[in-house]
Structure formats: structure tokens, C-alpha cells
Amino acid sequence: MFSYQCRLAWRSIKSTPVLSALMVVALAVGIGVFMTNYTILHISTLNPLSYKNDRLFMLQTDAWHLREEYKGTRNTMPNQLSYRDAQAFFDSKIPQRQTIMFRTGGTLVATDAPDHYQFVWARVVTRDFFTLFDETFLYGGPWEPSADTQQQPQVILAEETNQRLFNGANSLGKTMLFEGHTYTVVGVTRKSPGRQIKMQNVELGTLKNPDQAYFPFGIVPTGHIGTWGPNLCPDDTRDYGQGIQKILTGSCLWLTYWAEFSNPLQKQQFETFVHDYIEQQKTLGFYPRPNRFALSNASDMQAVNGYSQGPFYLYSLFGFGFLGICTLNCIALLLAKFARQAPEQGIRRALGASQGSIFAQFLLESVFIGGLAGVIGLAGTLTALELLRAGYQLEPQQNGLAPTNFPEVFTPDLHVVMLTLALAIVASVCAGLYPAWRTCRTPPALYLKQP
Amino acid sequence: MLPIGPVFRALIRRKFSLGLLVVQISLSLAIYVNLSWILVNLNEIFKAHSNLPETQLVSISLRPTTPTQINYTEATAHIQAIAQLPGVQNAAIVRWIPLRRWAGPGTELRSQPGIDTPAIPIVDCSVSPGWRQTLGLKLITGRDFTAEDMATTSDQFSKTLIITQTLAQALFGKDETALGKTVFFGDNPLEIIGITEDWPGFVLPYPDRVEKTAFLPLYTDVDSEHRYLIRAVTAEQRASVVLAVKNLLNDHFHRKIMLDIALIDVLAREMKSVEYTRNQQLIITMVLLSFVVMFAICAQTIFWTNQRRKHFAIRRALGATQADIWQLILLETGIACSLGILLGTPLAIVINQYLAQANAPWEPASPLLLGGIILAVLASGLISALIPALRASQTPPGLASRSV
């Protein structure tokens, strides 16, 4: 019976080839426009660490000044903490794993091959960083825990940096100059397969400027490495001295802090600790604003930083409106097409076909139209994404610094492909429901009377 | 006299189809208005020029690959040597690269001391004497930096600064001159000794926006990166100048230096290419939307007219001319489009107001833009109805007698 319905539906499409083709094209255009923009939005807000959403959190505290609220994030709390605060939270030792970090950069030079150098984006982190953010190792491993607190000049290279500087060879034990100071290579991280989405890159966006080297947090007091990330200074008139002393004791916010909790109780303990710490700091004249802090998982951090609200969010909304117009257009055309076929259906009804089987046949016809539109719409989406990739392509930087553009957002994933096809079917079924219902309810006698 | 009565009755008879068409037209009007508004604003960015001698300018960043610090005396010697090279017009030390999309640190200036006074967010850029001539910025009033103004070690800070016109007005208003006034950079008092014309800037170099920039006569000797901005006499000479400067610096540092070359016209082009792609994307979307909406109007009008062929034939048999049938069809379509416009205009305005707020300082869509798009939608609706009207007007009157 189903194959019979399918044959009838297909025959009906073939009986009006031009009208059917135009409906398919119109729906495909709507699907293509929406899915192109949606793909970019979807990929740029992907969170590969979503499976840790219930245990991995970034801490924000409202350490801003009293005269105005912080305007850089949706929850009006800076993403960064001062060294003083971050170190206090780190010393609590409550979380199962935790990391303090900041973005830096500079020139890396292989000491035994001075012609091999590279300008890099780097990150200064504590040991747990690599576990927290699923960074795996090609050679070596993370530094010892003591490097988080003591000055141990070590470096971990990203696979691509190791490739450029050492032709991909095992570089463990080699020494490197970074900003004029010597570091020993203790590890090389493996480039993760697929998209390079780094949730830790709160500073610039998760798809931009991937880290090319890592340094242990314990070297911060040497003052050899400065921040390349935000350095937000709330009003504070205290004299903190100069240079590294001012950086370590002052109120400027430049470090991000992430923690992983093994259970909700541990998280609750940490929240109590943070609350009490802020209260204690208030007695010392810090934290002039109300006691506020937030532990947000990686997905929430995207929302807090407005990554999901860029121009492609807007274009996706317009694209959805466009698809709505195409679907309404399809409803009107299907209504016309089915009305033309009403006499034929009248004869089928008179010969014993039920209303349901007429309805099913019309709906199948809509599904066929939607399926075709989905395939063409998908081809259109892929073409449009390739054109956009070429348009947004920036010239590669000669100095080795990771590119600031993000071509990965133009590569759709399986989710996008499936959604395109499903959306096409759903849109066509929505378009076909009313015309099919209206046509199948037409009394057969009306058409049987006609010559 | 227009056949308003018959037209309305005909429209009411197919109210569902009419409703669909009206919603399609209203939605497309709202999308048209707002995409056009974005397009107009992006186009301004794309068309605008930075007013810098982009093709003559090159920035060279120096990063020694050995533990070496370049002090001010050494950097000045480089600048002097570079200025002597053939084809070089000017050279200076600058902290930031012009027109590079670089989210550099934002700082604040105050016209009064104390943290409780209002602060103006600015971009500050350390420079050396000669920076203005190199950059090609005009000095509106005041004087340039001299060697005596320079603070050249990490324990010194500038005593003077030069600011852009927009920053001067933001600090002291349009009626008061900023020249000679003291402003506060943190706790440091600085005297404004010059005001330059406006320019796109370092941090967010959108050509349609001006940056509130403060130029400070400052050199930080502990920095691991230093940057020289060089202006060639002509665009053609720039390539040879770059080569000569690279050789000079490589020789000086015995090749233990990393040089990062940034051609300013390439940066400007990159900046605009992104806007250009967005621009093209919006244009293609609007063309496709036009195609879909015109197709919708055309196809639905054909369907309506086909359903009423006998009706047109009777009218023709009773004496209606082909022009009368044309008038009938175009009037029906015109009314459907007008209803769509009536519904779509408030929707477009509401969406536009929201977007304008979110994209400040973009102004909301002008009445001219709105009116133009309304007329375009009405015109394209009527054009879409031409083929159905032609077909309907050619209905033979004999069809009426054959079918009765």
C-alpha cells in the first residue's frame, strides 16, 4: 500500500514538472540561506567539553569598582581574576582539579638551531590544565606539580610548533629561548583530530588563535612572561609598588581560573569558600560591590561572553524568516496544485479510497518535494560555505603566529547535514498539511457530477 | 472608475491564499529593510578611505632572538639610519600597527584628577618624534613632540601628549580648547601639546569610525618587541625600502632578530575584504529573496486567474476590454501588496530599532530607505503580476458561451 501511495505521489509530481520544480527550488533556496548562516553559528558555539558541563566551571567574581558595573560580559562580572584572588582560590585545594592561566606570546627560538624560531601564541597554566581541557601528549607529559608554584623554566610545545621548529622530531630535553629566557621542553601536545575548538580561549573566542606553547604558572613571579590577554584594572588607589610586585599584589584582573569538581558537595564547599573569601576581602577594602560570583560551565561561558550573539545569529534569524516565506509560498502552491488534482481524487474516493489514504498521498508528495529541496539546499549550503570561506580567508602570517581568522566555521558537521535534510522534510510537511487536509475533505460527488 | 467592489469581493473569496501572500510580503519587507540597512552601513565602511598614505607605509616589528634589549639610543640610531636610506621619506618608533585588527589594551583619560571623575576610554600609543609626518596625520593645532618630550626608560613617564580632535572634544567639549590643558592618565598628569585630525585608528579601524587616540612620547626599553613605522617617498619605492631596512637590521643584529613586516595597504585591504564578503552575502540573500517573493506573487496570481477564466470570459463577452482585465488583476495584486506593506512596515521598524540599539552608533534606517524599499516591494509585486494579467486579458470571450 505504501509503495502504491509513493507511486501515486511521484506520478503527481511528474504531472506538473514545472510547478513541482519551482516549489523544490524555492524551498531549497530557503533551506540553503538559513542553513548557511546557521552552520556558522552552530560551529562557532560548539562545546567539545559539554560532557563536562556538570563538573568543569570557570569562576568569575565581581571585583569591579563601585562607580559602575562591569560592562564586558552579560553577567557584568569580569572573566579575569587578580593574582591575589586566583592564588587564594587555588590554595583552597577544594576542587578535584584546578588551573590558573593567562594568554601570552613571544618568540620561541631553538637554542641549538638559532635559525629555527617562531612567533607564538602561548598560555601560562598550571599542571591540571591539560587534563581539564583534554589536551593529550605526543611526547612527554605535563610538568611536575611543583612547577605550578616553583620557578621551573619548562615549556610544552603544541604539535604544530614542534613540527615547525624540530621537523616533528622528539624534542624532549631540548632547550628553547622564549623572550630571551631559557626553557626546557618537557612535552609536546598532540593536535586533536577534527575542529580546533578551545573552550579555554575565553580571552579571544574559542576558534581563534590556538595556543602554540605552554609554560608553567610557577614562573610568573620571575616577571619574564607578560600577559597578552585582557588586563582590567578596577579603581584602586593603593600603592602596590612597581613592576612584577605590582602585578602580583595589585587589583588588576588578568588571570582566568577553572575548576573541576568530583561531586556537587565539593562544588558547594568551594562556593562557600569563595563567598567567605570575598567577605573577608571586603573587610580589607577590596570587593566594593555586592558579594557576587559565578561558576559557569563552558557552554554558559559562551553565553556570558556573547559568542552566540554575533552577526551570524542575526543572519540566522533573517534566514529563518526567509525559510518561513519559502514555506508559506509552498503552502500556497501546494494548495493550488492539490486543488487542480481534486477531480482525480474525487474519482479515487468514489472508488473506495479513504480520506486518510488521499491525505497520506498528498503528504507523501510534500515529503518528496521536501526531500529533493533538502538535497539541493544542502548542495547550496556547502557551496555558499565554501564561497564564504574564500571570502573570509586572510593571508597567512609569515612569522608563524597562528592565524586570527577561523576557517573551521565554514565546515559543516553531520549535525548540519542531518538538520538540513530534516528541516526540508519538516518544512515541506508543514507546507503540505493544510492543502492535503483541505483537498481530502472535498466531497467526491462534487467532481463526479462534472463532465 | 476603479472596480474596487469586485476586486475586494474576489479577494475575500480566497482569504486564506490572500493571507499567505500578505504574510510573505510583510516578512520579506521586514527582511529587506533591515538587510538593506546593514548593507548601507557596511557599504559606508567599504567605500571609506583611511586618509593614510597606505601604499607608502610599512611597519617593521623587531623581536631579538637572543636575550637582548633595544634601548632608546639604539632604536633612535636605527631610525636615523633608516631615514638615510634611499626612498625613505620618514621613519619613527610606534607601539601599534595602524589599521591592524588588534584588540589592544584600552585605557582611560580623565580631565580631572581622581578616580571618581568621569573617564574617557581611549587607545594610547607610544611614539617617537616624527611619528605624525610618517603616519601622514595633520596637526590641527599645537606642536609636535621633540626629543626633550621623550620618556625613554621604564621608570619614566611622559609629561606631554597629542590627542585626536574627537578625543579633545570628548574631554573638554566642542566649545573649549583642549590645547594646553592637563589630563590624567591614571595618576600621571599630562599636558596636551597638540591636536591632530581624526583617523580610523589602531584597535577598531573601521573607516567610518574615528578612534579616540592619545599619542605619548614614550619608549619602553624593557619591551621584547619594538616597532618602526616607515614611509617611502613613493609606493613604488616601498619594496626596495623594505629590503634595505631588513638588510640593515639583520646586519646590525647579526641576523639574530625576527622581523615582522606589515604593509599597511594590505592590512586595509584585509580589513575591507571581510566587510566586502559580508556585503556580497547580504546582496545575494536579497536577490534570492526577491526571486522567491516575485515567484510567489506570480505563481499565486496565475492560479487565481486560472480559476477565474470563465469569469474573465463572461466579463469580456459583456463588453470589458483587455485593459479592464489588466486593471482588475493589477489592482488585486496591488491591494495584496499594500496589505503586506501595511503589516510589514511596523514589523520592519520595530526590528530596525532593536538592531540600531544593538549596533550603536549606527543610526536607524532613514525614512528614505524605508520609503524606497516599500516602493520597490510594491513595484516588484505589480511586475510579478504582469504575466498573469497578460494571460487573463487574453481569455477569449467565446469561452463564456462554450461553458454555459
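## A cysteine at one end of the bond

Cys233(A) is partly exposed, with 41% relative accessible area. The model is predicted. Its cysteines are the topic of this report.

## The disulfide

A disulfide is a covalent bond that joins the sulfur atoms of two cysteines. How many disulfides are there over all chains? The count is 1. Cys233(A) and Cys252(A) form a disulfide, with 1.9 Å between their sulfur atoms. That falls inside the cut-off, because a pair of cysteine sulfur atoms must lie within 2.5 Å. The link is right-handed, with 110° about the S-S bond.

What does the pair tie together? Cys233(A) sits in the loop between strand 8 (213-216) and helix 6 (243-249) of chain A. Cys252(A) sits in the loop between helix 6 and strand 9 (256-260) of chain A. The pair therefore ties together parts that are 19 residues apart in sequence.

Now for cysteines in no disulfide. Cys6(A) is one of them. Cys6(A) counts as buried, because its relative accessibility is 16% and the limit is under 20%.

Cys337(B) is in no disulfide. For Cys337(B), the nearest cysteine sulfur is that of Cys298(B), 12 Å away. Cys337(B) has a relative accessibility of 1%, so it counts as buried.

Definitions and conventions: Residues are numbered from 1 along each chain as its sequence is written. Chains are lettered from A and ligands numbered from 1 in the order in which they are written. This is a predicted model: local features need pLDDT of at least 70, side-chain atom pairs count only at pLDDT 80 or more; totals for chains, interfaces and linings use all residues. Side-chain values use heavy atoms; hydrogens and water are left out. Helices (H or I, at least four residues) and strands (E, at least two) are DSSP runs, numbered from the N terminus. Buried means under 20% relative accessible area, exposed over 50%, partly exposed in between (1.4 Å probe, protein chains only).
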